[in-house]
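Let's take a friendly walk through this structure, with the covalent link, the aromatic pairs and a ligand site as our stops. Please have the sequence and the coordinates at hand.

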Amino acid sequence: MATRSCSCVFLLVLVAFQSTMMKANIIIPSFQCRPVLASTRENFEFAVNLHIYKAQLFMLSSIGRGINDISPGLVEGPAPIGATVANLDNRTRNFVEESGLASIGHIRAIADMTVLKTPFPMPQLDLRAQVFAKFFDVINVTLKPPFNVYANTNSFLFAAVYASYFLEQLYAGIIPSIIGNRERELAAEIALYEGASYGVIRSLLNDRANLTVPPYTATVGNVTNLTAQVGNQLGGCGVKDEGLIVPLSLGAENRTTTNVIPADDNSLPYKRSALEILRILFISGNATRPGGVFPRGVEGTLYQLFLALKQS
Ligand SMILES: *[C@@H]1O[C@H](CO)[C@@H](O)[C@H](O)[C@H]1NC(C)=O
Ligand SMILES: *[C@@H]1O[C@H](CO)[C@@H](O)[C@H](O)[C@H]1NC(C)=O
Ligand SMILES: *[C@@H]1O[C@H](CO)[C@@H](O)[C@H](O)[C@H]1NC(C)=O
Ligand SMILES: *[C@@H]1O[C@H](CO)[C@@H](O)[C@H](O)[C@H]1NC(C)=O
Ligand SMILES: *[C@@H]1O[C@H](CO)[C@@H](O)[C@H](O)[C@H]1NC(C)=O
Ligand SMILES: *[C@@H]1O[C@H](CO)[C@@H](O)[C@H](O)[C@H]1NC(C)=O
Ligand SMILES: *[C@@H]1O[C@H](CO)[C@@H](O)[C@H](O)[C@H]1NC(C)=O
């Protein structure tokens, strides 16, 4: 009897989880999940938006200085709205600063490699706490008081982990279509760096899995499940975000429920296209309806193409 009631609970959780997956697949037709056709230049130009987002978020929240304070002339555009120094423990602050500085190097490496001209135009960024809080509205979770990403380390890690994850996922998807040996090498090098950075932040989250996210009673493990649900729903292309503790069917080789590093059936990284990433960062589920952290959309010809072709 005990076994039966146990498996029923498990089944219920699984059904709830799978129904979100299926809903995501029904809303967005499958062609919206194919890799985006783009030139090498367009791909790097798009990636620069994500590098700028990560560099500004990490630098401004760790030491209160942005890209222009560190490397003048590399980027040009409106100052980010609402960035503030986060209340981080030293270990986290040091890593966030380090990884933010690295992103500035990556932007410079792209400028040196490609024919793209600096200063790169900077998209308007909206880094206010209330923007990050909106992600929870997507799954109708009301947090009181509203989620403040800058309030403490446990809260900030949720924003930090995605900045690296999107870069890793984007590069994993575009590497095969990058033309030129040196260009492909650069894309692979950046992907390796961001994969490592993502792993560090997931590991910091995993260490805290059973700790609460102040001021709530929910644990870091619980909130990781919620943010994964948000990412999967907005992205609209199935499960590409996972919690820290998962059903066996999502664990490596179906043999483990620990899940520090989410990955597919063969434990290879999930890929996300530019469209999928914009759907999430715009918080609209629509790559041509800007909002969220990019209230005026992003820079570059690929985004202009999406607008012209009304790709959502
Ligand atoms: C954190 O770093 C600050 C500034 O470097 C230092 O004053 C403080 O003692 C450090 N705190 C801990 C707990 O190490
Ligand atoms: C959230 O609420 C809206 C409006 O009631 C509903 O349409 C939507 O399906 C809900 N989303 C989830 C994930 O429950
Ligand atoms: C969290 O709690 C679970 C269940 O008690 C335990 O198995 C796991 O090791 C804990 N995780 C951490 C990182 O402490
Ligand atoms: C996260 O969700 C999975 C189901 O997908 C569940 O098995 C797990 O217990 C949840 N973890 C936490 C910490 O809420
Ligand atoms: C939150 O996570 C804890 C383990 O850390 C788990 O026992 C609990 O069921 C989870 N709550 C929800 C609502 O998922
Ligand atoms: C794990 O289970 C899934 C179904 O849940 C299946 O598609 C996959 O092939 C299994 N993987 C392994 C390595 O057994
Ligand atoms: C996406 O947003 C654009 C611009 O607001 C709109 O024209 C289009 O209909 C939306 N697509 C979907 C599928 O909602």
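Cys237 is buried, with a relative accessible area of 12%; buried means under 20% relative accessible area, exposed over 50%, and partly exposed in between, with a 1.4 Å probe and protein chains only. Its partner is Cys33: the two form a disulfide with sulfur atoms 2.1 Å apart, where a disulfide is a pair of cysteine sulfur atoms within 2.5 Å. Cys33 is partly exposed, at a relative accessible area of 25%.

Before going further, a word on the basis: this is a predicted model, in which local features need pLDDT of at least 70 and side-chain atom pairs count only at pLDDT 80 or more, while totals for chains, interfaces and linings use all residues. Residues are numbered from 1 along each chain as its sequence is written, chains are lettered from A and ligands numbered from 1 in the order in which they are written, and side-chain values use heavy atoms, with hydrogens and water left out.

A search of the whole structure finds one disulfide. The link of Cys33 and Cys237 is left-handed, with -90° about the S-S bond. The pair joins distant parts of the chain, 204 residues apart: Cys33 sits in the loop between helix H1 (2-27) and H2, and Cys237 in the loop between helix H8 (220-235) and helix H9 (274-281). Helices here are DSSP runs (H or I, at least four residues), numbered from the N terminus.

## Aromatic pairs

Rings of Phe, Tyr and Trp (its six-membered ring) pair if their centres lie within 6.5 Å; planes under 30 degrees apart count as stacked, over 60 as edge-to-face and the rest as tilted. By this rule there are ten aromatic pairs, including these two:

| Pair | Centre distance | Plane angle | Class |
|---|---|---|---|
| Phe44 and Tyr171 | 6.4 Å | 55° | tilted |
| Tyr150 and Phe156 | 6.3 Å | 35° | tilted |

Phe44 in helix H2 (residues 40-63) and Tyr171 in helix H6 (residues 153-174) are 127 residues apart, so this pair too links distant parts of the chain. Phe44 is buried at 0% relative accessibility, and Tyr171 is buried at 0% as well. Tyr150 and Phe156 are both buried. Elsewhere, ring pairs link Tyr53, Phe282, Phe294 and Tyr303 into a cluster.

## Around ligand 2

Which residues are around ligand 2? They are Ile139, Asn140 and Gln233, each with a heavy atom within 4 Å of the ligand.

Definitions and conventions
Helix = DSSP H or I, 4+ residues; strand = E, 2+ residues; numbered from the N terminus.
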